[in-house]
Amino acid sequence: MMIALWVLLPYGAILSCVIGHLWRYRHDGFRDHLYGPHIDRAERFGIHAFRIGVPLLFVARITEVFAAGPDSRPEGGIRILVIVLQVVAIPLAMTGAALILVPPLIAADARRRVSAVDRLTLPVLVATVLSAMLVTFDATPGDGRYRSAETLFTWSRSVLTLHPQPAVMAHAPALYQARGLIVMLLIAIWPYTRLAGIFSIPAIRMLRQTSRLAVLAVAR
């Protein structure tokens, strides 16, 4: 069970994310249901807010992962930076997600526009944010140790470097195990949701523009 949860499952989630993005690109170019005649001003604002909030949140999390010690929080200016980024990013990301996901759920043609995965997306995003806040401000240890660094950070780094350490999470408190499982679920379903094109479409446009510029440079 330990190997299944903390070794096979994370790599399965990453594989699902990669294959899902390839499938979406071939299937609809990431445009299905996100862009089109049904989109209104609120949804457009939500797209921009989400595009700003999520990268800021990602930067905050990556900074915290690499700046934290083996069992301690980042200190000084780095800790302040992480807190400020999260204070700005979380409201933007959640507001954007709500504006993108909620209108289709309550629209008259919701059955045609919304899939079962889309109905799951907003609760998973909320659970992701809430679990992040709970583990960030968890003050259970009385010796100043930072359990996120000991568990989630150590485990995620080990997975990404292809040297997984499942025992780290197998002996972690339930809150931290739940956090890991929620994040894996979000990674696994992301390409199959309405949010898949939020970052993929700008990235594809950038790659195409870069390719054009490279061709022009070579032609000259």
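## Overall picture

Of the 220 residues of the chain, what percentage count as buried? The answer is 38%, where buried means under 20% relative accessible area, exposed means over 50%, and partly exposed lies in between (1.4 Å probe, protein chains only). Please keep in mind that this is a predicted model, in which local features need pLDDT of at least 70 and side-chain atom pairs count only at pLDDT 80 or more, while totals for chains, interfaces and linings use all residues. Residues are numbered from 1 along each chain as its sequence is written, and side-chain values use heavy atoms, with hydrogens and water left out.

The chain holds nine helices and zero strands, so its pattern along the sequence reads α-α-α-α-α-α-α-α-α. Helices (H or I, at least four residues) and strands (E, at least two) are DSSP runs numbered from the N terminus. Along the principal axes, the C-alpha atoms fill a box of roughly 55 × 55 × 40 Å. Contact means heavy atoms within 4.5 Å; among contacts between residues at least 6 apart in sequence, 79% join residues at least 24 apart.

## The largest pocket

Let's look at the open space next. Rolling a probe the size of a water molecule over the atoms shows where empty space is left. The largest pocket has a volume of about 1400 Å³. Here a pocket is an open set of points on a 1 Å grid over the protein atoms alone, where a 1.4 Å probe fits, with protein on both sides within 12 Å along at least five of seven lines. Grid points are joined across faces, edges and corners, and the volume is the space filled by probe spheres set on the points.

The lining of this pocket consists of 43 residues, and Phe58, Arg61, Arg179, Val183 and Ile187 lie nearest its centre; a lining residue has an atom within 4 Å of a point. Two or more lining residues come from each of helix H1 (2–28), helix H2 (41–67), helix H3 (76–106), helix H5 (116–136), helix H6 (147–160) and helix H8 (174–189). H2 gives the largest share, 10 residues. Sorted by class, the lining has 31 nonpolar, eight polar and four charged residues. In this sorting, Ala, Val, Leu, Ile, Met, Phe, Trp, Tyr, Cys and Pro count as nonpolar, Asp, Glu, Lys and Arg as charged, and the others, Gly among them, as polar.

H6 has 14 residues and reaches 19 Å from its first C-alpha to its last, close to the 20 Å expected at 1.5 Å a residue. The expected span is 1.5 Å times one less than the number of residues. H6 also has a kink of about 30°, centred on Phe153, with the bend taken as the angle between axes fitted to the seven residues ending there and the seven starting there. Phe153 is one of the buried residues of H6, which also include Thr151, Leu152 and Trp155. The buried residues of H6 pack against H1, H2, H5, helix H7 (166–170) and H8.

Phe153 is also touched by Glu64, which has contacts with Pro74, Val82 and Tyr146 as well, not counting residues up to four places away in sequence. Glu64 lies in helix H2 and counts as buried, at 4% relative accessibility.

The loop between H6 and H7 holds Leu162. Most residues other than glycine have a negative phi. Leu162, although not a glycine, has a positive phi of about 65°, and its relative accessible area of 62% makes it exposed.

## Helices H8 and H5

In H8, 16 residues should span 22 Å at 1.5 Å a residue, and the end C-alpha atoms are 23 Å apart, which agrees. Its buried residues are Tyr176, Arg179, Gly180, Met184, Leu186, Ala188 and Ile189, and they pack against H1, H2, H5, H6 and H7.

For H5, the 21 residues should span 30 Å, and the 31 Å between the end C-alpha atoms agrees with this. The buried residues of H5 include Asp118, Thr121, Leu125, Ser131 and Thr136.

## Across the chain

Val18 sits in helix H1 and is partly exposed, at 47% relative accessibility.

Thr210 and Val7 are 203 residues apart along the chain, and their C-alpha atoms are separated by 37 Å.
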